[in-house]
Amino acid sequence: MNTLKAVILAAGKGTRMKSDLPKVVHTIDDKCLVDYVIDAAKGAGATDICLVVGYKADVVKNSIAATDVTFAMQNEQLGTGHAVKCAKDFLGKDGQTMILFGDTPLITAETLKRLLDYHTSHQDAVTVLSAKIDDPTGYGRIIRDEAGNFVKSVEHKDASEEELAFHEINSGMYIFDTAELSEALEKIRPNNAQGEYYLPDTLTIIKDKGLRVDAFALESPEDISGCNDKEQLAEAAEVIHRRKNQ
């Protein structure tokens, strides 16, 4: 069965927004940030969507426009890998699963379709959505060998000086073979600088099985930009207005 599901991570508090509201329910043109992401996932062909909620979960459930989504609860924030693990019952073993973020309203169905096409045509077990940026400070890096093949994804805090020199960043968005994701989630451990369960650790686990792991690099990082504070929210609104006018 080649079903496409989406898990959208929406449990964060978003302290930098300086607001009591969960980050993903801040709005652009009266539409919650996470609703933009849900629409993009549906537009790319996702038939089942699960929101991983945590902070003020009821506010998120009551604020979003989408009514046909499933919810999974993440009671404590133990990293992206832990967040996806919370949706384990939803995942199952069939088809492909997209992992997305609830605070990235600029992601488009078109970009997710391109990611899916790349993933399918290259017969990847997992494909990361990435982009090259001038200042990658703070972002996880995509490490490639001299031939340009994917080697690994490493968090900024855990990267060596040599790895920090790479400018291709991990957006945190992926398409996984669902069965491989479910299996790899059981094997990740919090042995890193943050003491968290990192989702990118599943890439190494899957690659070590001899399966194909790759990154699909966007020409521009615009689509993967997140809204962490009011300034970024205003910038995202400008992009959305520009796109509407085009």
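**Second largest pocket**

I began with the second largest pocket, which holds about 200 Å³ of space. The model I worked from is a predicted one. I listed the lining of this pocket as Thr 108, Glu 110, Thr 111, Arg 114, Leu 218, Glu 219, Ser 220, Glu 222, Asp 223 and Arg 243. I then looked up which element gives the largest share of that lining, and found helix α5 (residues 109-121), with three residues. Sorted by class, the lining has six charged residues, three polar and one nonpolar.

**Salt bridges**

I searched the whole structure for salt bridges and noted 17. I looked at some of them one by one.

Lys 31 and Asp 39 meet through their side chains, with N to O at 2.6 Å. I checked the exposure of both partners. Asp 39 is partly exposed at 39% relative accessible area, and Lys 31 is also partly exposed, at 26%.

Next I took Glu 180 and Lys 209, a salt bridge whose closest N and O atoms are 2.8 Å apart. Glu 180 sits in helix α7 (residues 178-185), whereas Lys 209 sits in the loop between α8 (201-208) and β11 (213-218), so this pair ties together parts that are 29 residues apart in sequence.

Glu 183 is partly exposed, with 36% relative accessible area. Lys 187 is partly exposed too, with 44%.

I then looked for bridges with shared partners. One network of this kind joins Asp 124, Arg 144, Glu 168, Arg 212 and Asp 214.

**Arg 141**

What does a buried arginine without a salt bridge have around it? I looked up Arg 141, in strand β8 (residues 141-144). Arg 141 is buried and has no salt bridge, and the nearest side chain of opposite charge is that of Asp 135, 6.3 Å away. I did find a contact with the backbone: the side chain of Arg 141 reaches the backbone oxygen of Tyr 139 at 2.7 Å.

**Positive phi**

I turned to backbone angles. Most residues other than glycine have a negative phi. I made a note of two residues with a positive value.

Asp 29 is not a glycine, yet has a positive phi of about 55 degrees. I placed Asp 29 in the loop between β2 (27-28) and β3 (31-32). Asp 29 is partly exposed, its relative accessible area being 39%.

Lys 56 has a phi near 45 degrees, again positive in a residue other than glycine. I placed Lys 56 in the loop between β4 (48-53) and α2 (57-63). Lys 56 is partly exposed, at 38% relative accessible area.

Key: Residues numbered from 1 in each chain as written. Predicted model: local features only at pLDDT ≥ 70, side-chain atom pairs only at ≥ 80, totals over all residues. Heavy atoms only, no water. 1 Å grid on protein atoms, 1.4 Å probe; cavity = no way out; pocket = protein on both sides within 12 Å on 5 of 7 lines; lining within 4 Å. Points joined across faces, edges and corners; volume = space filled by probe spheres on them. Helix = DSSP H or I, 4+ residues; strand = E, 2+ residues; numbered from the N terminus. Nonpolar A, V, L, I, M, F, W, Y, C, P; charged D, E, K, R; others polar. Salt bridge = Lys/Arg side-chain N within 4 Å of Asp/Glu carboxyl O. Buried < 20%, exposed > 50% of the residue type's maximum accessible area, 1.4 Å probe, protein only. Lys, Arg positive; Asp, Glu negative; His and termini not counted. Polar contact = N/O pair within 3.5 Å; in protein donor to acceptor, adjacent residues only side chain to side chain.
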